[in-house]
Amino acid sequence: MSANMEGGNIRRGKQCPYCDRSFSRSEHLSRHERSHRNERPYQCTSCNASFSRQDTFKRHQSRYHSQPIGNIAQHQDQGNTKADIPRMTRVPNSGIATATGTRDGVEPTSVAQASAFDPADFLLMDNSILDSSISGFGFPLITVPEFGNLTEGTHESLNNNLAMSSFTPPIESAATTPTHPQQTLNPSSWKGSFVISELKHQQLTFEIDMVAPTQVPRDFEAPTRFALERLLNTFAECFLIYVPCIHIPTWKAELAHPCMILAMASIGASYHDDDMASSSLCRIARASIKKYLELTPHTIADQPLWVLQCLLLVMINGSKSANFQNYQEATSLASLLIEGTRYRKCPPCAPESANGENSLLEQWQKWIESEMTRRTICAIYIYLSALAVNFQTANGLCNLDMSDCFLPCEEIEWTSTTPDAWQSNRQSSFRPPVRFSDAMTSLSSSQSTSPLSFSTFGSYVMLHGIVKQLASLHQDVWLMESTPMLVQRFEQALDRWKIWSEQNPEFHISPRYPNGVIAANAISLYRQAHVRLYTSFGLLRSTLATRNVQDLLRSIKDIKITISGSNTCLKAAQCAIEALRTSVKLGLFLTGSISGWHRKLMFNLYSIECCLFLSFWIREQCNRPILDRSAEENNLVRLTQETLTEINLDPVLTTKPYSIQLLYAWALVFQVCNASGLHGIVAEALKMYADGLTE
């Protein structure tokens, strides 16, 4: 038994100062601490790749660079020579990577000497870009042909992609020597692209063939190159705007891991109403990332950021599916997301070096890496919060500590397409970064505070922070009923959030604004929060997770809402009618909208409470004499009647009471905006509920 074992337990006396993990060896603790500080002390001078571990750095050097390793990085031991480092080559036709060296005078097998090119090379193909992010992948090291004979436009400047170590790995700069900040930049070294080359497509096809037999129907066919490119474009245009955490101006499909491309394509397929392709690609991506995590020796906390982004996309696509099994499989990954995010530190990035030696391209690279980490953490927080809001999931799923995270930057800075544009936009729109915990304190303060400035995405993150606190409060219903001051504090925080958010000129619900979809989602959640301040819909939400129309119908029938004349009730009614009016103004009840928002907007899942509450509220008002209603109540009744006349309901339905017409109107909106099967389930349940109501 090892000396470190006592009574069957390992002595781990070396505690990490950043988290609760402990280690038995100092070198293991030091290596772990570097992951918290995001330190990568082992720098490759042949490219811009950097590493936190010496062994992965050596593996990178032996695989991609022929120069000796010992004198590459300042942190390496002196005296190492090329002969001291084993090099990996594939034994022809064996599929096994073998360590060879020059110590005994035997040269390693060259690429030209390989008897055949194994199709597995496509799957395990790594350039220095991929190696820096998935070092420790656990796969055998495989020699692959050079890219020099690829056609122009597919792999041009392959090793010069500006893809961060936190997503598709760190770039290799266009030159290996320091450059002057004023140099002319070559766009091909960083410009993003969704182009799928023939070589990349073979790599993807091989990955699909490896996992597809147990995951998809037999008649499933892998998408063609053009189909994949189309799905990736749809993903970026229709979905990524909700969670802008991938830097599209510099993202290259050619350098992304297969499971990442498949996860993105699966979401793109859902917007083309191809449910089978969407579900199949999502399952393949899930199996692919699972295989990767099983083979890598690292824990999820030490994985590169692209792994968390892939998990996030797989979970999102599965959780919005109408299939209950897909939903369960998706939410089962939540603990991995939380564990992978919990200990990641993301301080504000100051890309400009103190001595001004960094080139503009290097400054941009450093900033993108930091901002993408911050936005990914925020996207995960929003998604887990949305799960809790929409499906009343266990509160632990959204128990992600955001207190030390800084909010995302302005969208104009994030979407800059060139280093020069980024520098200009940064100078014109830069504001001091705001810490999440400080913003929450200001929003919930009972005293008057100076307004804070948020980006559109940052505003959405902050609103989820308020809603998360509200969800916790709903667990103690008696506390809300016995402490009106708590309700008032939440109302104040919500209204303060709305005022501060609308100070941003880009925060506007309109297709004319690039960030209109995020603003629409945020305002929809804001309205739902006001309704939930008045009454709880927890049972309805938990039933929605079952994806069963009959179960959902029964939970709707069980809802009982007592309408009062309080300000909280009146505010909830106002938010509910505005939710419907917004959908009507945007034409979301019409088929064939030219705005494309039918496929982009998904905020209506937040509107179920608004629909049902407004139906109860308008029924109560119609049963009261006009003179007994306040001026505000009469105005809301008038707005409801006006809105219903704009919706093309069946003439038979227009003869029914307004409370029932509202249910049919919302059902129509859900049906037309059926971006996922879940919306259709809600629409069907609402229509069945309305059909069963008596006049």
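Modeller: Gladly! Helices here are DSSP runs of H or I with at least four residues, strands are runs of E with at least two, and both are numbered from the N terminus. Counted that way, the protein chain has 27 helices and eight strands. Please keep in mind that this is a predicted model. Of the 695 residues in the chain, 55% are buried. Among contacts between residues at least 6 apart in sequence, 72% join residues at least 24 apart.

Now for the close look. Two packed helices are described by the angle between their axes and the distance between the axes. For helix 8 (residues 275–295) and helix 9 (residues 305–319), the angle is about 145° and the axes lie 10 Å apart. The crossing of helix 8 with helix 9 is left-handed. On the helix 8 side, the contact is made by Ser278, Cys282, Ala285, Arg286, Ile289, Tyr292 and Leu293. Helix 9 brings Trp306, Val307, Cys310, Leu311, Val314, Asn317 and Gly318 to the contact. By kind, the residues of this contact divide into 10 nonpolar, three polar and one charged.

For some background from elsewhere in the chain, look at Leu552, which sits in helix 21 (residues 549–557). Leu552 counts as buried because its relative accessible area is 4%, under the 20% cut-off. Beyond its neighbours within four places in sequence, Leu552 is in contact with Leu540, Thr543, Leu544, Ile681, Val682 and Ala685. The C-alpha atoms of Leu552 and Leu686 are separated by 9.0 Å, although these residues are 134 residues apart along the chain.

How values were computed:
Residues are numbered from 1 along each chain as its sequence is written. This is a predicted model: local features need pLDDT of at least 70, side-chain atom pairs count only at pLDDT 80 or more; totals for chains, interfaces and linings use all residues. Side-chain values use heavy atoms; hydrogens and water are left out. Axes are lines fitted to C-alpha atoms, for helices over the stretch in contact, and angles run from 0 to 180 degrees between N-to-C directions. A crossing is left-handed if the near helix is turned anticlockwise from the far one by less than a right angle, and right-handed if clockwise. Contact means heavy atoms within 4.5 Å. Ala, Val, Leu, Ile, Met, Phe, Trp, Tyr, Cys and Pro count as nonpolar, Asp, Glu, Lys and Arg as charged, and the others, Gly among them, as polar. Buried means under 20% relative accessible area, exposed over 50%, partly exposed in between (1.4 Å probe, protein chains only).
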